[in-house]
Amino acid sequence: MTEGGGGFSGAIRFLWWNTSLSPPGAKSRTTPEDIAFVVEQLSEARELFGWDVLGLCEVNSEDVAAILVGLDDSMLSSVQMGQRSSKAVNDTALLFDRGKLEFIDEKSLYDMHGTRTLKAGHVASFAALPSGEIVHVVVAHWPGRMYHGEAAPMRTNLGLSLHRSMQRYRDEGQLNLVVMGDFNDDPSSPSLAQYFCATRDRTLAVDKDHFFYNPFWRRMGESEPLGMVDSICGSHYYAGGTDSRWFTYDQILFSPSFLGAGSFLLDESTSRILQLPGLLERIINDESIYDHFPVSSTVYIKDYS
């Protein structure tokens, strides 16, 4: 697929990264060197991939401001979702290119689990330029497995809550929905596959439109065949893992409108884990704060002119 030809007028490129800069609940540990490395990696990703929408987590407002300064692009703006609220600790943000998208509004997707407030995600709404087609982008950072395992009821509730929120948008005719995040669950985990209804089956997603399509089912194994160098086995590395040290917790999911019938078309070949130069060495280093790769995906805008 190429922009400006073959029936497409442009593209929107998405990037998601858990930066590890400011984990929620942890004492601030970010150094200027950490920020500089994150800016370097994001600049490299933009040069290689050209992201237009950047979702970040484990960031606070100071981190986001410093990243924007470091990227030094007057067309970038942020939707700050990293403020502490009375309901939940938020650590996510979105950066976007104003040449591609016009910001409309944003809101948090809260729910309750007993007496505890759950944040299933945060949604920002945009108009894609120049068509004005509306796209809703959700960023999510779900609790870690250390305190809430794969089968914990809280994870069930997170998947159900996010599914209900997205269904409300669809019931109102808002069909272009992109969900990206660090879910601390693999694509096959019940919270995503069963309760959020994020399927690996494109045909099922099109036929039964309460599903989302999750192209990151493809990224759950080794990235390269045996004998190839620099193979990785997921987006997140945890040295203490019992059955694997790699997990595909970072994903970008799409509503069925991106699979052919709507104004956008997913380019699935771009739905991948970005192994940026210098990052693997830090991820597998126990002394480093970094433990996630970025993930990317692209949708093409259909040309109806």
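Author: A term to begin with: two strands count as paired if DSSP finds at least two bridges between them. One more point is that the model is predicted.
Reader: OK. Which hairpin has 5 residues between its strands?
Author: That hairpin is formed by E6 and E7. In its turn, glycine 132 has a positive phi of about 85°.
Reader: How many bridges hold E6 and E7, and in which sense do they pair?
Author: There are 6 bridges, and E6 and strand E7 (residues 134-141) pair in the antiparallel sense. Within that pairing, valine 123 stands opposite valine 138 in E7.
Reader: What does E6 do on the E5 side?
Author: Strand E5 (residues 101-113) is joined to E6 by 12 bridges, and the two run antiparallel. E5 and E6 also make a hairpin, with 2 residues between them. Glycine 114 sits in that turn with a positive phi of about 65°. Across from valine 123 in E6 stands lysine 107.
Reader: Is E6 enclosed or open, and why?
Author: Strand E6 (residues 116-128) is largely enclosed by the rest of the structure, because 11 of its 13 residues are buried.
Reader: Let's step back. How many helices and strands in the protein?
Author: The secondary structure comes to 6 helices and 15 strands. The radius of gyration is 18 Å, close to the 19 Å that the globule rule gives for 305 residues, so the protein is as compact as a globular protein of that length.
Reader: What box do the C-alpha atoms fill?
Author: Roughly 55 × 45 × 45 Å, taken along the principal axes.
Reader: And what percentage of residues is buried?
Author: Of the 305 residues, 52% count as buried. The protein exposes about 13,600 Å², and carbon and sulfur atoms supply 50% of that.
Reader: What sits in the largest nonpolar core?
Author: That core has 63 residues. Among those with the most contacts inside it are Ile12, Phe14, Trp51 and Ile67. Helix H1 (residues 32-48) gives the largest share of this core, 6 residues.
Reader: Which residues does isoleucine 67 touch?
Author: Leaving out residues up to four places away in sequence, isoleucine 67 touches Leu21, Val38, Val39, Leu42, Leu56 and Leu95. There is also a second, separate core of 20 residues, which includes Leu118, Ala140, Met154 and Leu192.
Reader: Changing topic. How many salt bridges are there?
Author: The count comes to 9 salt bridges. One of them joins aspartate 97 to arginine 46, with the closest N and O atoms 3.3 Å apart. Aspartate 97 lies in strand E4 (residues 92-97) and arginine 46 in helix H1, so this pair ties together parts that are 51 residues apart in sequence.
Reader: Is aspartate 97 buried or exposed?
Author: Aspartate 97 counts as buried, at 13% relative accessibility. The cut-off for buried is under 20%.
Reader: What does glutamate 268 pair with?
Author: Arginine 202 is one partner, with the closest N and O atoms 2.7 Å apart. Glutamate 268 is in strand E14 (residues 264-273) and arginine 202 in helix H5 (residues 202-207), 66 residues apart. Arginine 218 also forms a salt bridge with glutamate 268, the closest N and O atoms being 3.0 Å apart. Arginine 218 lies in the loop between strand E10 (212-213) and strand E11 (236-237), so that pair ties together parts 50 residues apart in sequence.
Reader: Which residues are linked in a network of salt bridges?
Author: Arg145, Glu150, Arg155 and Asp185.
Reader: Last one. Where is cysteine 233?
Author: Cysteine 233 lies in the loop between E10 and E11, and it counts as buried at 15% relative accessibility. Residues that cysteine 233 touches include Met220, Glu222 and Phe247. Cysteine 233 and phenylalanine 247 are 14 residues apart in sequence and 7.1 Å apart in space, C-alpha to C-alpha.

Key:
Residues numbered from 1 in each chain as written. Predicted model: local features only at pLDDT ≥ 70, side-chain atom pairs only at ≥ 80, totals over all residues. Heavy atoms only, no water. Core = buried A, V, L, I, M, F, W, Y, C linked by side-chain atoms within 4.5 Å. Buried < 20%, exposed > 50% of the residue type's maximum accessible area, 1.4 Å probe, protein only. Helix = DSSP H or I, 4+ residues; strand = E, 2+ residues; numbered from the N terminus. Contact = heavy atoms within 4.5 Å. Salt bridge = Lys/Arg side-chain N within 4 Å of Asp/Glu carboxyl O. Rg over C-alpha atoms; globule rule 2.2 N^0.38 Å. Areas by Shrake-Rupley, 256 points an atom, 1.4 Å probe, with all protein chains shown as cover.
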